[in-house]
Amino acid sequence: MNASSGMSRRGLLGAVAGVTAATALPAAPAWGVDDQRPGAVRTPTLDRDDRHIVGRIDSERALRHLQVLSEDIGPRIGGTPSEKRAADYLAGQLRSFGYDTRYEPFPVADKFLAQIGDPRKLLPDDICWQAGAAPGGKLDVTVTGRARDVGLATAPVWPADVAGAVVLADDTAAARPGFVAEAASRGAVAVVLLPADQVFPRRTSAYSPAGLTNAPIPVIGVAQVQKRLLREALAVVTSLPLTISTVAHRGLISNNVIGERPGKSANAPIVMVSGHYDTVIGAPGANDDGSGTVLTLELARVISKYPTEATVRFAFWGSEEQGLIGSRYHVKQLAQDQRDRYRAVFQNDMVATSWDPAIVYWILSFDGLANAATTAVRASGQRLGYDPQIVGPVLRGSSDHQSFQEVGIASANFSWRGESSPALLEPPYHSPEDTIAKNVSLERLQVSMELIGTAAYKLAKTI
């Protein structure tokens, strides 16, 4: 675990709770090819093609890729060096499987990031401590000071020893400029803005506070869970020094990474499996969308072992979290004859959460209608015995399948979510707690890989 992920310390609060051992990894699935899967209504009825795929899928191999992405690299913000490290890793893996691999670079907006350090090692180390930096605050600096919580930014209670302190306050956009100015005038070295809590199961993400101009000190925006842990620490220690570092990333280029194996003819249909590999600020992105990324990577390895009539493409989208930028860029570059060749795009976004209520595997279509991708996964679900857990197609965008369906290409998004609505996402969504230990089930990842792998291979094998 590297320092930039903020996940290298155990911390006081973990020790108080009796947490002394290394964080446990999720358990690997234990079923065989012909065994009934958890949640399935019957044993599978697999044909030879299905057995080729299911017999080779390895969730532990996928987990090792996920450790590289979410733990070794950590948050992968579009266009930043960490996203490029992930892109290079993914490209290297695709090349090792024998795919013709290319980058698709495109420009993205500047990013302003922060890191919270803990010199006394009092804060828990099992979440990410990256935050967002205010572009109008002091950037590319590191400061250290004792934490002082002044309550509401609209009505702060200033202690006598603000000079040299890192000031914490409950944020509101309207009060932000005046509060930061007053904190700086009192000698604070940095301001940590604390967000309002969202309604369960949502939790507020880290953010780059807007509305400031030339503030003389760094100003950062933390996530809801970071706010809670900071205040819990201040309740039990008399001194909590914090180090605040801010970095401006400008002139950024993000990348799609695409691996391809040509079909039997120059105009063969195209079958694509994809996921996005970037994250939001402050999130290691183990489930969103490290899970969809490693699903795509593992299926690329497995399908490389078998011939297909169709062209197969495996794609990793950059900067999805900024508005589907990478996939929209890709689609925009496709000539109409290329668009016409697409048989189906299987987009995988958040396919492994361990959140107990996420018992439904949702098939999400931007227009709400069935297409080749949704139909193929439905059929795979029937062969694998998962019928009751699969719902859809249901109308929903907000992932990279939308970019393809906007231009008439058959596509769908696949995801584990709460049973009452596809909007019911797990609490670690977009948060520093989106880690392997807190938010990944290898059983659900295995189910997802089996469903998508058998569906995609079935469409790709013959024309």
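Modeller: Contact, by which one element is said to lie across others, means heavy atoms within 4.5 Å. This model is predicted, so local features need pLDDT of at least 70 and side-chain atom pairs pLDDT 80 or more, while totals for chains, interfaces and linings use all residues. Residues are numbered from 1 along each chain as its sequence is written, and side-chain values use heavy atoms, without hydrogens and water.

Colleague: Which strand pairs with β2 over seven bridges?

Modeller: Strands (DSSP E runs of at least two residues) and helices (H or I, at least four) are numbered from the N terminus, and pairing requires at least two DSSP bridges. The closed barrel of seven strands, with mixed pairing, runs β2-β3-β7-β6-β5-β4-β8. K111 has H249 in β8 as its bridge partner. The antiparallel partner of β2 (residues 111-117) is β8 (residues 241-249).

Colleague: At what angle does helix α5 run to β6?

Modeller: Axes are lines fitted to C-alpha atoms, for helices over the stretch in contact, with angles from 0 to 180 degrees between N-to-C directions. Helix α5 (residues 176-185) lies across β4, β5, β6 and β7, and its angle to β6 (190-194) is about 145°.

Colleague: How are α7 and α13 oriented to each other?

Modeller: Residues S291, V294, L295, E298 and L299 of α7 meet L445, S448, M449, I452 and G453 of α13. The axes of α7 (residues 290-303) and α13 (residues 442-461) are 10 Å apart, at an angle of about 50°. Angles under 35 degrees count as roughly parallel, over 145 as roughly antiparallel, 65 to 115 as roughly perpendicular and the rest as oblique. The two helices, α7 and α13, are therefore oblique.
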